[in-house]
Amino acid sequence: MNRIEYLNNLAQSNVQFNLGAGTPPLELYPTFDINNYLEIFKSNNSSDVLNYHKTSGIIPELASETLKLNEGINCPSAEIILTNGTQEAIALACNVFRNKTIACLDPYYPGIVDTVRMVGGKLKIIPEDRMFEELEKLESGSLFYICADFSNPTGKTLTIDQRKEIITIAERRNLYVFDDATYRELNLLEKVNTLYSINQERVIHSMSFSKILSPGLRTAFVFLPKLLTSKFLAAKANLSINSSGITQAIVGGWLLENNFQINNHLPLLKSRLKKNQSVLNDYDCIYSGGFFTTLNLNIKTSFDWCQEILQDKNIAVCPMRMFSESKSYEKSIRIAIANLNEIDLRKSIELIFKEHQ
Ligand SMILES: Cc1ncc(COP(=O)(O)O)c(C=O)c1O
């Protein structure tokens with residue numbers, strides 16, 4: 001079984017303790033009335049949602065307003081593209097930068113590494129603790145992919161000083177940065193300013209609705225440096241022509257109904273994340289938001305080991321080696337924590353430690 005099959009199986013699995021899949025527990029989100037949002041959109045907008053439309057999308061103006069009201073950043077609607085989730089934005093970026101180096105941190109999100117390989121691009125996987133020195137070595141015009149807030153797989157978040165340093169290097173070395181902001185709104189502490197707010201001409205900021213509303217919408221807002229917009233549009237025109245007008249309209253109606261506030265509706269989910277944070281603290285596990293964190297064990301955690309605890313204990317986890325080239329992660333696992341309540345989270349961590357420490 002390969003990595004994608006394993007992750008897909010986990011996403012659909014009925015395993016008792018699913019610490020493997022990063023799928024949103026939609027029962028903790030408010031009821032989502034698709035027809036109502038469609039109607040709200042249609043009464044405010046004359047776009048024919050059933051037809052083909054502009055490759056950039058039918059709601060860039062609403063995307064611009066969303067960024068302004070949630071991040072205090074102005075981005076002209078002409079520099080915004082609607083995509084089929086952040087994954088399509090990653091694919092566009094990999095296509096646009098396929099003749100340059102595309103770098104990412106180790107451990108990595110497989111969606112970047114596999115896509116660079118798919119387009120035959122030049123991939124550079126940088127060990128986390130060597131980020132700045134390796135960025136300094138990238139050729140001019142390279143792209144650096146990062147998940148600055150609550151990354152998948154490690155759960156880590158960049159400090160403001162690290163963000164500033166990345167931008168300073170990007171300016172000096174003529175690099176572009178792709179900030180995958182998929183988990184940004186799942187914060188338990190105050191948000192750190194985005195990389196995009198520091199320099200809008202160097203950063204591609206991709207904001208997905210998959211974890212804040214529903215992955216089924218397949219919708220992300222991609223805020224682009226002016227110089228890259230037409231290249232991204234050309235790639236998108238070939239890849240998917242345009243994103244579905246129907247799901248854009250649903251997102252648009254939802255935004256209008258909620259005054260563009262993209263995380264006020266998540267108190268139930270955040271209350272679970274908060275309770276789970278205090279469980280994780282008991283195990284010296286650092287967690288401040290998002291769906292993932294790293295658990296360090298005293299034994300090697302291979303695929304076989306994960307299969308074993310799946311069969312014996314009904315616990316699904318992913319070995320960190322699944323997301324890394326480096327042996328230094330042999331004893332770590334990625335745990336997805338949003339699916340379980342605090343009682344089951346504690347129970348499953350106890351079981352993992354009892355059996356295998
Ligand atoms: C880091 C990261 N980026 C992107 C995605 C895919 O997001 P989307 O559903 O918006 O394509 C995921 C999905 O789990 C993810 O973990």
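I began with a pair of helices in this predicted model: helix α4 (residues 85-96) packs against helix α5 (residues 110-118) at an angle of about 35°, and their axes lie 9 Å apart. I noted the crossing of α4 past α5 as right-handed. By residue class, the contact of α4 with α5 holds 5 nonpolar and 3 polar residues, with no charged ones.

Next I turned to an open sheet of 3 strands, which I read in the order β9-β12-β11 with antiparallel pairing. Because β9 (292-296) and β11 (318-319) each have a single partner strand, they stand at the edges, and one side of each is left without a neighbour in the sheet.

Last, I asked how many disulfides a search of the whole structure finds. The search returned 0 disulfides. Cys104 is in none, and the nearest cysteine sulfur, that of Cys94, is 9.3 Å away, whereas a disulfide would need the sulfur atoms within 2.5 Å. I also checked accessibility, and Cys104 counts as buried because its relative accessibility is 1%. Cys306 is likewise in no disulfide, its nearest cysteine sulfur being that of Cys318 at 6.7 Å, and I recorded Cys306 as buried, with a relative accessible area of 0%.

Conventions: Residues numbered from 1 in each chain as written. Predicted model: local features only at pLDDT ≥ 70, side-chain atom pairs only at ≥ 80, totals over all residues. Heavy atoms only, no water. Buried < 20%, exposed > 50% of the residue type's maximum accessible area, 1.4 Å probe, protein only. Axes fitted to C-alpha atoms, helices over the stretch in contact; angles between N-to-C directions. Helix = DSSP H or I, 4+ residues; strand = E, 2+ residues; numbered from the N terminus. Left-handed = near helix turned anticlockwise from the far one by under 90°. Nonpolar A, V, L, I, M, F, W, Y, C, P; charged D, E, K, R; others polar. Pairing = 2+ DSSP bridges.
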